[in-house]
Amino acid sequence: MWDRLSASDPGLLRLTAGLRTVIAIAMTLVALGLLRFPVPQLVAGAMAAMSATFAVREVDRRPQVITLALCVPVAFAAVSLGAVLNQWPLVSDICFLLLIFCAVYGRRFGDRGTGLGLIGFQVYFLSLFVRATVDLLPSLFVVISVAFVCSALARFVLLPQTAAGTLDRLRRAFRARLGLLITSQIELLDAGPEDVDKVLGDLRTGTARLHETALMIQGRLEHGTTDEAVARLLQRRIAEAEIAAERLGLLLLTARSAERTDTLTLHLPGASLPSRGQLPVRDEARATVRRDLEALRLLVLRPAGEASGTALAQVRNRLLGYREAENLPKATPPVQDVFRGIGEAARAVLGLRTALDGPQDDSDDSPATARSREELDAEEAGIEGSEESEDDKHDESGLHRPTTRAAIQVAVGSALAIAGGELLSSQRWYWAVLTCWIVFINTASTGEILVKGYRRLLGTILGVVAGIGLAGVVGHHTWTAFVLVLVCVFAVFYTAPLSYTLMSFFVTAALGLLYTLLNTYSMGVLLLRIEETALGAACGIITAAVVLPVRTDRRTNELLVDVLDKLADATRAAVDQLSGRRHFDLVDKARDMDQALADLRTAVQPLTHPITPLRSRRDTARYVLALLETCAYHCRALAATAELLPSHPSIAEDPRLNGVSARIVHNIEAIAEHVRDPHSPAAIETGPSIASMLEPGTFGTPRYGRVTDRVLRHLQRLDESVSGLARPLGVPVEKPDIGQSEKADKSEKGEKSRKAEKPGKPGKPGKPGKADRPEKARQ
């Protein structure tokens, strides 16, 4: 159960945020209750404690202390401004708009600017909610001070959260999600034809969640580790484990189908296997695969203190032995590939264990395990600190800067919300302003604001229904209502990253309880809440569409170009290193590409949302995202393989790879150019397979080794996926020259004829030997 909790909440970030906020509010209520403050002051204290808790976003403790200290005078100034200007509505509205503009504009100054802006806005809103006056200011200062002190105690004393501790919990979450992914792979092995689609969906979800956790770890390495070499080692081990697990899933899909499964199957929702029949192997072979998958899951999930021992050592030795061709069980070639994949995954788990838990007991190692340890040790010794080059980023200025644009949009939208809200209610117009403010937070296009406004309205409507029921149950039991408010607040913070609709539901349910505490509850008040929320969402959407609009297609195109640029850069660097030219930070380049893809996935949600009326456009967006996911997987695999070259004892560079990726990089750049300018004449190139472009080696030797073979497979899949992007994005295809194509075909046929006449030693006269077997993979 703890593993499942860790997997569902990586790093326990949502659990910590919810508990910290609830503890801060509870301590504030207890302290103010002992000081015999009235209920309205208790409500103000609870709101101030909640604001002080979620406004501080820095990772390190010292910046958190400074930001929390600076928030106190900002809160005093905001509540004073609200109380003083309460008697002049017009002046109060103008100052509120200026405060909103400054709060949003402050986001350009980083986490501290964002936190101070949030405190200013929330505390001013608090003054409106509790109807603060000048006479109440001294008591409100005491209430806010107590709230901030309780928030500091909850953050720094009761529930401290260090960068190193968070990183350690994220590691555990990665291990737990890896174990759950292997569980889904076992279910795929056993699933009947009628259950394949459901299990395949679980496999896609598990793969995506594992990747999400890997990105979260990547974002915490800088603050969570003190040594750059340790950070790089952990980054490499996480990448290896992720790629090995994803590759194992693809091999299992191939073993289930009648033909090689395309990588797209694992990334495109709704895609089915080419064949839904049972695993085409004997029962004993399938039982062996299942046994080894369960053994692999055991190696992943077993705690560090129990990871050693004779029994587990034997299991580990057997799985690692599958990396050697002579140790493979008798089975069909696709199933033997599964055994090899299990061996590679076991090796990745061994490396992950060593990186996370330190040196392991090697007294019971088999020769295959000893070789794996030597490889891991050589890789660790080869990791050296390198200077990271920062690309010059163009900082937009003026109205085109995102923070400036957002500040103007929120200010204009809030002005409309104030005007419309006053027509609905002269006392609670601020709910419209709050909704308008919230729909602009963490959004960058009109489509995102539309979806967020819809979700907030839906959550509010459902929350009003719940609030009516809770208010009727609670009645006048003050402390019962406060306990339920705390439960709702915890649910708000725990569900916020998962579902904005759920978060809005719990916020509105808590609001109904707060109105009950303030003796202002009525059915009309909650219905007014719905009306003000709808008005605020409408004002935000209209403003986003009219004032300095950022269309969804423009936003997604910009992010798509960014993904393609990073994909081309990472692919070029990886293949260059595989061919002998040294590059640094290949995994970093791949992670930058993954982060850009994650941003694109978020921005494209308005196009892929279930309620979108543009069905064909939704399907196209999903297909493009799936192709990009496929490209990212193969690029990550290339980068991880290239990173091993300087230190891995059994991997050598292949100079013949130099230039093989030229067509892939050219096609990526052509697609990016076409997305930038639809009238661009850029076109993608097609031609022979990637493997056929490789120059032959010395006569009598294999055309390429095991590592080069895997690299070529990834390049071929990457080439196919990039070419697949041309059709949905409308990029023209440049036809290959017929003469050159025929010449290449004749050259290839002549090479096959020579090999058939003079085969290598492993073969027989007239039959292809081992040197020719990769031709099947190329075909």
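**Contacts along the chain.** I began with contacts, meaning heavy atoms within 4.5 Å. Of those in the protein with a separation of 6 or more, 79% join residues 24 or more positions apart. This is a predicted model, in which local features need pLDDT of at least 70, side-chain atom pairs count only at pLDDT 80 or more, and totals for chains, interfaces and linings use all residues. Residues are numbered from 1 along each chain as its sequence is written, and side-chain values use heavy atoms, with hydrogens and water left out.

**Overall make-up.** I found 28 helices and two strands in the protein. These are DSSP runs numbered from the N terminus: helices are H or I with at least four residues, strands are E with at least two. Of the 779 residues, 52% count as buried. Buried means under 20% relative accessible area, exposed over 50%, and partly exposed in between (1.4 Å probe, protein chains only).

**Cores.** Next I looked up nonpolar cores. Such a core is a set of buried Ala, Val, Leu, Ile, Met, Phe, Trp, Tyr and Cys residues joined through side-chain atoms within 4.5 Å. The largest has 84 residues. F96, F129, F148, Y430, W431 and W437 touch the most other members. I then picked F129. Beyond its neighbours within four places in sequence, F129 contacts V43, M47, Y430, W431, L511, L514, Y515 and L518. A second, separate core holds 60 residues, among them I217, A231, I243 and L250.

**A24.** I placed A24 in helix 2, residues 13–34. A24 counts as buried because its relative accessibility is 0%. Its C-alpha atom is 9.9 Å from that of V146, 122 residues away along the chain. Leaving out neighbours within four places, A24 is in contact with A49, T53, C150, S151 and A154.

**R155.** This arginine sits in helix 7, residues 137–158. What is the nearest side chain of opposite charge to R155? I found E58, 7.1 Å away. Not counting residues up to four places away, R155 touches R20, A52, T53, V56, Q64, P160 and Q161.

**Surface.** Last, I checked the outside. V84, W88, V91 and V134 form a nonpolar surface patch with about 330 Å² of accessible area together. Patch residues have over 30% relative accessible area and no salt bridge; nonpolar side chains (Val, Leu, Ile, Met, Phe, Trp, Tyr) are joined within 5 Å, like charges within 9 Å. V91 lies in helix 5, residues 89–105. V91 counts as partly exposed because its relative accessibility is 40%.

Methods: Lys and Arg count as positive and Asp and Glu as negative; His and the chain ends are not counted. A salt bridge is a side-chain nitrogen of Lys or Arg within 4 Å of a carboxyl oxygen of Asp or Glu. Accessible areas come from the Shrake-Rupley method with a 1.4 Å probe; for residues, only the protein chains shown count as cover.
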